[in-house]
Amino acid sequence: MPEFLYGHWAVIEAMRAGRRGLDALMIHERAEKRGAVGDAISMAQELNVPVQRVQRRILDDLANNGNHQGLVLRVEPYPYCDLEDILTHAARRREKPFILLLDLLKDPQNVGSLIRVSDAVGAHGIVIQERRSVAVTPAVVNASSGAVEHTNVAQVPNLVNAMKELKTQDVWLVGLDVGPNIPPLDKTDLNMALGLVMGSEGEGLRRLVRDTCDLLLTLPMRGEVGSLNVATAGAIALYSAWSARGWEGWAHA
């Protein structure tokens with residue numbers, strides 16, 4: 001079944017990544033060929049993707065009333081990878097694996113935000129569970145500003161089994177959690193072959209997922225509210241891990 005990506009950056013990055021089959025670019029019938037819309041039209045023409053001008057109500061329907069900004073791209077389904085592909089990607093870069101594992105997250109905005117940060121810090125891939133979890137939907141692509149189109153995402157039948165498989169490859173699994181007697185994030189050197197595990201909104205890590213982690217870490221907080229949004233907490237942890245690696249891969253100005 002085709003999918004319909006919407007929004008400037010989701011559309012442009014999908015075309016730039018070139019990982020999906022591209023069927024047609026649909027733009028608002030009165031859109032002017034300038035800015036991001038002009039860039040998308042030019043890119044589509046270079047790639048021989050048909051460009052169609054349509055009414056706004058059609059774009060609204062295709063984007064499921066999402067913020068399409070006058071652009072919708074009809075594409076083939078998202079190309080998931082295998083867990084081994086993520087490890088191969090790390091080996092090709094000659095870097096220790098740096099992987100984000102999401103335990104049944106359900107909010108497309110949170111998942112998209114985490115994927116965008118993962119791309120920013122150079123993580124080698126994301127692991128999500130097939131059932132009871134958000135997949136890479138057009139809403140996730142939009143929330144990631146198209147970053148997921150450049151990201152290795154493995155969709156696995158069972159997250160705990162995937163974690164056990166990563167352990168056989170000497171990847172350390174670090175779960176981010178809250179509670180007493182959990183050491184703070186800065187007390188552990190994250191410059192290791194790392195699988196960072198984030199729990200779902202409201203419920204956190206499931207028991208078996210928590211028990212499969214090699215260690216648990218927490219974010220210290222001094223305010224009145226005792227927790228952070230999972231996307232915010234994950235962003236802090238991802239940047240902390242990248243910092244521990246000495247900002248690996250970043251070309252300093």
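Modeller: **The sheet and its helices**

Helix α9 (residues 230-244) lies across β5, β8 and β9, running at about 165 degrees to β9. Helices (H or I, at least four residues) and strands (E, at least two) are DSSP runs, numbered from the N terminus. Angles run from 0 to 180 degrees between N-to-C directions, with axes fitted to C-alpha atoms, for helices over the stretch in contact.

This is a predicted model: local features need pLDDT of at least 70, side-chain atom pairs count only at pLDDT 80 or more, and totals for chains, interfaces and linings use all residues. Residues are numbered from 1 along each chain as its sequence is written, and side-chain values use heavy atoms, with hydrogens and water left out.

Now the sheet itself. The sheet is open, with 6 strands in the order β7-β6-β5-β9-β8-β10 and parallel pairing. At the edges are β7 (153-156) and β10 (215-217), each pairing on one side only. From one strand to the next, the twist averages 25 degrees. Two strands pair if DSSP finds at least two bridges between them. Strand β5 (residues 98-102) and β9 have 5 bridges, in the parallel sense. There, L100 stands opposite L196 in β9.

Helix α5 (residues 108-121) also packs on the sheet. This helix touches β5 and β6 (125-129), where contact means heavy atoms within 4.5 Å. The direction of α5 makes about 175 degrees with that of β5.

One loop to finish: V178 lies between β8 (172-176) and β9 (194-198).
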